[in-house]
Amino acid sequence: MRISAKGRYALAAVTHMAALYDSRESITVVSISERLGISKIYLEQVFSLLKRCGIVTSTKGAQGGYQLAHPPWQVKALDILLAVETALFEPAEGTVTEKAPEIDLVMRQSVFQVLDQTVRDALGKVTLYDLATQAERLRKEEALMFYI
């Protein structure tokens, strides 16, 4: 499975937001861009899609920015990817439909649909809270590393 840059950036950005969720402050695209090293223009496109799907809300003005629309423990990685990845679960095209429709059907049922469902199930178990917590743990472990 290949996740586009848009999907990877969206996950990274909302994971960063989840880590700051308790402050209840709006977070600007500029601050996320600087923190994660992602193009501000590209992030604006990502946040437009996230807002359209109800993942984030926005506030205009000098103190404006974005906030998660729901607590991090309620937002799944699947939600984020479905918001920005237009072809994530696009049905597989027919492979040998004209000459061997029975093989084509069995491939769809036994491989492609099973794979899609397995990916959906896995991504549906991972929350933004999980991602932010694991990232914080890794950050702390890295801070404790001693190099000789």
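Helices (H or I, at least four residues) and strands (E, at least two) are taken as DSSP runs, numbered from the N terminus. The model is predicted, so that local features need pLDDT of at least 70 and side-chain atom pairs count only at pLDDT 80 or more, while totals for chains, interfaces and linings use all residues. Residues are numbered from 1 along each chain as its sequence is written, and side-chain values use heavy atoms, with hydrogens and water left out.

In the loop between α4 and α5 lies F89, which counts as buried (under 20% relative accessible area, with a 1.4 Å probe and protein chains only) because its relative accessibility is 15%. Leaving aside residues up to four places away in sequence, F89 touches L78, L82, D116, V119 and R120, where contact means heavy atoms within 4.5 Å.

Two helix pairs are listed below, with axes fitted to C-alpha atoms over the stretch in contact and angles running from 0 to 180 degrees between N-to-C directions.

| Pair | Angle | Axis distance |
|---|---|---|
| α2 (residues 29–36) and α3 (residues 40–52) | about 120° | 9 Å apart |
| α4 (residues 77–84) and α5 (residues 101–125) | roughly 120° | within 6 Å |

The helices α4 and α5 are therefore oblique to each other, a class left over once angles under 35 degrees (roughly parallel), over 145 (roughly antiparallel) and 65 to 115 (roughly perpendicular) are set aside. Their contact is made by A77, L78, L81 and L82 of α4 with R120, L123 and G124 of α5.

The helices α2 and α3 are likewise oblique to each other, and V29, V30, I32 and S33 in α2 meet K40, L43, E44 and F47 in α3.

Terms used:
Buried means under 20% relative accessible area, exposed over 50%, partly exposed in between (1.4 Å probe, protein chains only).
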